[in-house]
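Visitor: I'd like to learn how to read a structure like this one. Could you walk me through it feature by feature?

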Amino acid sequence: MATGTLHSQLVFGCFLVLLLKSNLHTCEQFSIAFSKPSDCGTGGYFDISSLSCAKCGADQISGKSGLNCECQTGFKVLTNNGGSITCQKCPVSKPGVTQDGYECIQCSGSVGEDGKCQCPTGSILVERNVNGTLLEEAVCEACNGTVPALSAPDAKGSRCVRCQDSFISMSHSCMCGSPNILAGGMCFASSSLPTSVVPTVSFAQLGLAVPSAWFSGFLYSSAAACLSFTNLTACQALGNMCVLNMHSMSTTINDACGLYNTIYRATAAQGNNQNIPYWRINMPWLYYGDQPGLASRVLQSEPLPVGFSFKGTNKNTNIELLAAVYTAQGEFIRWENVGGGNLQLCPDTLIREQAAYVFGTAYKQNCVLSVSDLLVGQTEPLFYDIFLVQQKAQGDRQLLAVPILNLNMQFNGQFVNQATDMNSWYLTRRLVLIDTLSGREKSVSSTPRVIRIASNLKIRFQLVPNTQKGAVYPPLMTVSYSDILITDPAKQTVIVSFSVEYEMDQNEARVKTDIALGVLGGVAVVYSLLKTASWKRRIASPLIDFPTILKFLLIYAGDLANVFFIITVGTGLYWLIFYKAQQFVSVLLPLPSQEERFVTYVGCAFALKAVHFLHKLLVQLSVDIFFIDWERPRSKTSKFVEGSGEGKPPAAPVSIWRTYFVANEWNEIQTIRKISPTFQIIAILFFLEVAGFSSLALRDNSSELRRSDEVYTPAYSRVLRYGLASAMWLCIGFIQLIFSVFHERFVEDKIRQFVDLCSISNISVLLLSHRCFGYYIHGRSVHGHADTNMEEMNSNLKREAENLCGQRGLLPNSDVQTFQISITSRLRAQYDRILEPLTRRNGPSRLVDASANPFEQSTKAYHTMNRFLGSVIDHAHREMDYIVKDKLLFERLIGMEFIEPMEKSIFYNDDSYSFADVLFYGNESTLLIFDTLFFCVVDLGSQNFVLAAVLTYLQQLIFRLIRNGLGRRNLAIKTLVDKRFLI
């Protein structure tokens with residue numbers, strides 16, 4: 001048994017070893033040593049097949065690239081199959097190696113360090129005759145640099161070619177002798193230009209002046225060739241160097257732009273191109289004159305001959321730009337349509353890029369580009385002369401030069417184009433987007449020390465004032481460059497933007513707005529003074545004190561908020577309707593910077609309306625209210641014990657539940673509104689987000705509600721967004737208000753129902769919103785009693801429906817149950833005197849009677865107040881009597897009573913149930929405007945309708961809870977109803 005166990009263990013061990021061995025191939029990781037061509041040394045080369053170094057053969061050394069081997073000096077190539085070579089030493093009689101490396105030859109001159117024959121300057125090396133036969137000895141043939149041959153060795157030194165024309169012109173030979181100047185491979189007269197040129201490029205943002213290898217090699221020669229020989233490409237190259245130096249000029253420095261201007265002035269007699277005074281013949285057009293103050297003449301003197309229109313058969317929204325493209329050497333490449341990414345450095349789809357050239361579409365593109373990608377993809381800059389194509393008639397295409405405002409341009413060290421005054425600008429023409437050439441110090445092929453990027457490129461169109469046919473002035477292209485010091489290209493980035501803006505003169509609109517604000521603000525002052533005077537009369541205070549001034553400011557805040565609201569909503573609707581619906585362009589939207597004033601007005605409207613709303617809320621939470629119970633005790637019916645000798649049964653106490661019931665109903669209607677806030681939020685979100693009305697607020701000329709995801713979506717206009725949101729909010733609110741009229745008439749009217757409830761409950765309501773002014777709801781039952789059973793209650797209602805009893809009104813034969821009341825100071829003083837014990841209880845502790853029972857005090861005060869007010873209504877107090885009358889129409893309009901109650905209080909008939917003014921219900925306009933402004937302000941800050949709707953709903957909920965909670969507390973305090981019974 002032990003033997004069997006041992007055998008099985010051996011089998012298992014062998015199996016495990018085989019399994020591990022079989023898994024070696026599947027689990028092994030393969031790796032190689034890292035090496036590069038520079039690691040292989042002079043005796044080896046980098047094998048591209050094995051990615052490792054290999055040794056060269058005998059008599060061989062590493063080639064210049066490090067990827068192959070070549071023969072040592074003094075050895076010729078025997079065989080070369082592309083993979084390996086064999087070498088053989090040349091004999092002493094023929095020590096030189098031919099230029100192709102395959103033959104040995106005797107040299108008539110000297111042998112160079114590379115083992116090949118060399119010839120003196122001005123001669124060429126000849127190793128073979130005309131039919132290709134190798135000569136026994138290499139011959140050095142001197143090129144004839146005199147007339148008539150005028151030849152010199154070519155760049156390779158293998159042929160004699162004609163000398164450069166400048167040599168022949170200056171010295172009639174191939175030698176540029178003194179006093180001529182040799183520069184850039186050309187010969188110039190010493191008096192043509194100053195030789196002390198400045199071959200540096202100023203990178204002002206970095207505070208660097210980089211000596212440019214490109215400028216050092218070609219600045220003077222390009223300028224001299226342009227002036228002396230009218231060399232067209234040299235003139236263009238000189239202009240390009242001036243563009244690379246940001247068109248900057250100085251009266252004391254001979255830099256690129258200084259040389260350009262020197263030549264420009266020296267060639268004035270040659271005339272101008274295309275009858276343009278700023279475009280000299282044979283030279284590039286770089287400046288609109290050399291004096292400030294010309295910008296306004298160029299930009300605002302004459303509109304374009306063809307106008308723009310958004311709709312109709314003559315619709316014209318296409319902006320066609322054409323560019324003449326040049327290389328840095330001054331060679332013309334092609335005419336190129338602007339679009340498709342040549343001016344827009346940020347990558348995007350063609351459809352989105354073309355949206356930049358649709359008139360009226362505010363286009364903006366931003367991105368972050370890698371510096372390393374720019375260095376690889378933009379080895380040589382391109383230069384653009386931009387033109388606007390004007391199609392006057394079929395086949396008649398005119399090109400309008402587009403001026404450029406270079407914000408990096410300096411004049412005598414000052415950034416003149418960054419000023420706000422147009423008269424100090426210097427407009428230019430030619431444009432470069434990416435400059436990786438001028439910042440190269442060592443050589444034109446080295447890595448640049450600094451590069452310059454057109455980080456902000458903007459095209460602006462300005463509308464002609466009072467135009468009705470879409471006339472615009474010539475566009476202005478503004479460019480701002482960023483200088484980047486190269487440190488770590490792989491990690492460095494640059495932010496680039498491209499935008500197209502449309503602008504019109506907003507001064508007229510601003511003046512009209514200010515006039516409207518001044519006039520309406522003045523009216524608001526007068527109206528607020530009337531309201532303050534009315535408030536003073538209602539509190540029976542003749543003095544103008546600090547509370548009066550504070551009250552005026554609070555009232556004026558609300559009226560001024562309405563003024564700002566009317567102006568901003570009107571302004572928003574004006575731009576929304578007239579911009580989106582116009583056929584020929586006559587108005588353009590305000591720029592984002594021009595909208596700041598409008599946004600300030602909206603902020604003022606919201607802040608003032610918030611103060612007004614909080615003021616009204618505090619007033620409602622401090623209203624004096626009391627429920628007058630008209631119910632009187634009834635005799636209690638019961639069985640008597642025979643012979644008990646008891647007399648008349650005691651009266652049954654009056655039930656308090658009717659008062660509690662009315663108090664609860666009043667508590668419930670404190671926050672009801674004429675509109676549904678929840679429906680308002682849902683409806684506004686449906687129309688703006690689901691139906692797509694928010695697209696009307698985009699900064700373009702389209703009125704489409706649905707946009708494809710593939711097309712470019714411009715930014716929102718804050719003016720349009722506010723106008724659209726506020727108008728839609730108000731429209732939905734007004735529709736709800738109209739619906740509420742029919743709903744209250746045919747379905748349910750909670751305010752009228754409350755008045756009916758008071759009549760059925762035999763309870764009147766006294767409301768004092770001011771010290772001597774308030775409202776009265778006469779709820780005295782025409783049946784005498786309300787504490788009754790169901791049968792009697794139904795019988796009473798039936799009698800009332802059949803007109804078998806009196807009417808509910810305060811006066812005989814009258815149905816008027818609601819009144820506005822102006823009470824005398826004597827009546828108010830008695831009212832306060834009754835509540836004084838309770839007021840003192842809530843005051844400082846030193847005034848509180850510790851022995852008094854609070855419950856008993858409240859009960860006593862309640863019954864006393866109930867009897868007192870009931871007796872006043874019943875005319876039981878001659879010194880506190882009242883009269884009933886109608887308000888004058890003008891009194892209703894201005895909300896002010898002309899007659900001051902001196903001897904008697906005045907009850908004004910009120911069929912409009914204006915006691916709702918102490919509820920949310922009667923302040924629907926204030927709430928609607930406040931909600932509108934809150935929604936719009938949140939949206940203006942977040943550009944998100946959904947967030948604005950959610951926050952508006954939360955705001956409504958919070959204030960409703962505050963109004964309910966504090967209103968319930970005030971109701972319990974003022975009516976002496978225990979708040980435990982207010983559900």
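Visitor: Which side chain does Gln462 join in a polar contact?

Guide: A polar contact is a pair of N or O atoms within 3.5 Å; within protein, one must be able to donate a hydrogen and the other to accept it, and residues adjacent in sequence count only if both atoms are side-chain atoms. Here the side chain of Gln462 pairs with that of Gln300 at 3.1 Å. Bear in mind that this is a predicted model, where local features need pLDDT of at least 70, side-chain atom pairs count only at pLDDT 80 or more, and totals for chains, interfaces and linings use all residues. Residues are numbered from 1 along each chain as its sequence is written, and side-chain values use heavy atoms, with hydrogens and water left out.

Visitor: Is Gln462 buried or exposed?

Guide: Buried means under 20% relative accessible area, exposed over 50%, and partly exposed in between (1.4 Å probe, protein chains only). Gln462 has 13%, so it counts as buried. Its place is in strand 27, residues 450-462; helices (H or I, at least four residues) and strands (E, at least two) are DSSP runs, numbered from the N terminus.

Visitor: What does Thr975 touch, beyond its neighbours within four places in sequence?

Guide: Contact means heavy atoms within 4.5 Å. On that basis Thr975 meets Ile625, Phe626, Phe627 and Tyr862. Thr975 sits in helix 22 and is buried, at 1% relative accessible area. Its side chain also reaches the backbone oxygen of Leu971 at 2.4 Å.

Visitor: Now helix 10. How many residues does it have, and how far does it reach?

Guide: The expected span of a helix is 1.5 Å times one less than its number of residues. Helix 10 (residues 507-538) has 32 residues and reaches 45 Å from first C-alpha to last, close to the 46 Å expected.

Visitor: Which elements do the buried residues of helix 10 pack against?

Guide: An α-helix has 3.6 residues a turn, so residues three or four places apart point the same way. The buried residues of helix 10 include Thr513, Leu517, Gly521, Ala524 and Ser528. They pack against helix 11 (546-581), helix 12 (596-620) and strand 34 (773-777). Just past the end of helix 10, Ala540 takes a positive phi of about 55°.

Visitor: How many salt bridges does the structure hold?

Guide: Side chains of opposite charge can pair when their charged atoms come close. The cut-off for a salt bridge is a side-chain nitrogen of Lys or Arg within 4 Å of a carboxyl oxygen of Asp or Glu. The structure holds 33 of them. One of them pairs Asp514 with Arg597, closest N and O atoms 3.0 Å apart. Asp514 lies in helix 10 and Arg597 in helix 12, so this pair ties together parts that are 83 residues apart in sequence.

Visitor: Which residue meets Glu897 in a salt bridge?

Guide: That's Arg538, at 2.7 Å, N to O. Glu897 lies in the loop between helix 20 (889-894) and strand 37 (905-909) and Arg538 in helix 10, so parts 359 residues apart in sequence are tied together. Glu897 is buried at 2% relative accessibility, and Arg538 is buried at 12%.

Visitor: And where is Arg780?

Guide: Arg780 is in the loop between strand 34 and helix 17 (790-801). Its side chain meets that of Asp874 in a salt bridge of 2.5 Å, N to O. Arg780 is partly exposed at 31%, and Asp874 is partly exposed at 37%.
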